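Hello,

Here is the structure I promised to pass on to you. Please open it beside this email and follow along.

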Amino acid sequence: MAWAMLRAHYDRQARHLDLREAFRADPGRFEEYSQQAPHVFADLSKNLVDAHARVMLLELARECMLERHRDAMFAGHKVNNTEQRAVKHWLLRTPRGASLDPDLREVHETLEAMLAYAERVRGDAQITDVVNIGIGGSDLGPQMAVTALAEFAVPGKRFHFVSNVDGHELAAVLAAVQPRSTLFLVASKTFTTIETMTNARSAKAWFEAQGGQDIARHFAALTTNVGAAREFGIETTFGFWDWVGGRYSMWSAIGLPIAIAIGADHFRRMLAGAHEMDRHFASAPLAANLPVRLGLMDVWYRNFHGFASRSIAPYHSSLRRLPAYLQQLEMESNGKRVDAMGRPLGCSTAPVLWGEPGTNGQHAYFQMLHQGTDVVPVEFIAVRQAAHTLADHHGQLLANALAQAQALMQGKHDAGGHREFPGNRPSTFFVLDRLEPASLGALIALYEHRVFVSGSIWGINSFDQWGVELGKVLAKDIAPRLENGDESGLDPSTAGLLRRLRAG
Ligand SMILES: O=P(O)(O)OC[C@H]1O[C@H](O)[C@H](O)[C@@H](O)[C@@H]1O
C-alpha cells in the first residue's frame, strides 16, 4: 500500500524535486532534515526527498513491521532464519546488567580475558609486530578501526593485516618481521576459510623454520571454533559465538588487534559509543531514529529514484578503509535477490558502495559525480577537530567537503556546454566532533542498523551470505587442475585460460 503510494508520488511529483527550490520554499529544511544522534550529527537536507515521501516511507516501515523485526533482533530471536541463528552483535557492546540475555555473562568474561591479554601484549616491549591473519569480516573491521584510531595506538608496535591467499602479501610481511618479536593473530570465525588457513599454515611453518620457539606466546586464535584452533596447534584462543556475523564481529575477539592498538579503556569506549547507538536505534521514535531515516532513504533512492550506487567520501585520511569495510557490511548483507523465505524479490536491493577519502576522490572521479550521466548520492563524513596541529590543513579539508556538497547541489548554469553543472545532486553529510573510539563505535553501529533497516523493508535475511559459496567450491575443483592440466568438463573459456596460466 505505502509502496504503491510512494510510487505514485514519485512519478507524479517527487522525481521533479529540485533541492534549490526546496530550500527556498522551506527555510526550516536544514533543521527538519538534520539531527544529532549519539556522537554523529547527520544532515539529510540535501537529499531528494520531501515531506510527503518522508511520511510515506515511515508508513512503509510500519507496514513492513520494521519495529517488530528490530525488537526480534534485540530479543535474541533467530532472525537469521536460513542459518537458524540469533543476531546479537549488539550484545557484545551491552554493559553488564543492561540486558537479561543469558549470554551476557560469557560475553563479559571473554571481553575481560581478551582485554587483559591485549594489555599484556601492549606492555610487552619485545613484541614489536602484530600480524592479523584473517579475511572478510575477520580483516576489514579490525583493519579499518586500527587505521581509524591510529592516533590512540600504543607506540612501538606495528600492525600488519594479511588477508589474501596471494602469497605476495604474506611474503612481504614475513620479510619485514622477526619471529621473536612478532605476534600472529589467526582470526577466523569458522577456522576453515581457505585463505586464512593457508596463510596461518605458512606463517607457522616460517616461524618454526626461522627457529621460532613458543607458539603459545607468538600465536593466538580468534574464533568460534576453538577446537579447530587447538588442533591446528594454537593454544592461546579467544572465542566468540555463532550469533555474531563475520561482518559484525569487530566488537568480539576479532577486535583483539584493535584492543592491542588502543588499549582496554579505549576499546571499552568504542563499545560504549556503539551501545549508545544501539539504544537510539532500539528506542527513538521512527521519525527521529537516524538509522531508520537513513535506511528508508536508501530504499527511496534504490527503488524509486533507481540509483544503483552510493559513494562514501570520508574527509579524514584515517577513515581510508571505511569504504571497503562498508562494502562488505552492506553488499554482503543486502546483496540478495530473494526474500527471507527464498522467493524472488520484485525490487532491487543493495546498491554498489564505493569511495576514497576526500580530497583525493575530488581529483579522480568527482568529475563523474558532478557531470556524469548517472546520479550517485554521496555520503560525506567530516570530523570537526583535527588530531594534528599543522596550520591550514584542516580548514582546507573541511572547506572542500562543504564545497563539494554545495557544488553537487547548486550546480552552475551560466557557462553552458562543458562548463555546465546540472546540480540537484544529492548528498548526506555526517559530522563527528572528533575521530575517537566512542564516535567510531557509534558511526559503525549506525551503519549496521541502517543496513538492517533497508534489509527489513526489502524482506531479506541480511545475515547470511550464500552467494560466496559457489566460487569457493569451484576453486577447490580447479586448484588440482592447475597442477595436472585436466580440462575435462570445463567450459572452453576456463579451459583456455587454464592452459594459458599453465604454459611456459
Ligand atoms: O572469519 P571466517 O570464518 O574466516 O570468514 C571470513 C569471511 O569469509 C566468508 O567467505 C564470508 O563471506 C565472510 O562473511 C567472512 O567474514
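First, some ground rules. This is a predicted model, in which local features need pLDDT of at least 70 and side-chain atom pairs count only at pLDDT 80 or more, while totals for chains, interfaces and linings use all residues. Residues are numbered from 1 along each chain as its sequence is written, and side-chain values use heavy atoms, with hydrogens and water left out.

**The sheet**

Helices (H or I, at least four residues) and strands (E, at least two) are DSSP runs, numbered from the N terminus. Five strands make an open, parallel sheet in the order β4-β3-β5-β6-β7; two strands pair if DSSP finds at least two bridges between them. At the edges are β4 (158–162) and β7 (236–239), each of which pairs on one side only. From one strand to the next, the twist averages 20 degrees. Angles run from 0 to 180 degrees between N-to-C directions, and axes are lines fitted to C-alpha atoms, for helices over the stretch in contact.

Look next at β6 (residues 219–223), which pairs with β7 in the parallel sense over four bridges. Ala-221 has Thr-237 in β7 as its bridge partner.

**Helices on the sheet**

Helix α8 (residues 167–174) lies across β3 (129–133), β4 and β5 (182–187), and runs at about 160 degrees to β4. Helix α9 (residues 194–209) also packs on the sheet, where it touches β3, β4, β5 and β6; contact means heavy atoms within 4.5 Å. The direction of α9 makes about 155 degrees with that of β5.

**Loops worth a look**

The peptide bond from Gly-358 to Thr-359 is cis, with omega near 10 degrees. Thr-359 sits in the loop between β9 (352–354) and α15 (366–371).

Asp-214 is not a glycine, yet its phi is positive, at about 70 degrees. You will find Asp-214 in the loop between α9 and α10 (215–218). With a relative accessible area of 44%, Asp-214 is partly exposed; buried means under 20%, exposed over 50% and partly exposed in between (1.4 Å probe, protein chains only).

**The bent helix**

Where is the kink in α12 centred? It is centred on Gly-263, and the kink is about 120 degrees; the bend at a residue is the angle between axes fitted to the seven residues ending there and the seven starting there. Of the 28 residues in α12, 21 are buried.

Enjoy exploring!
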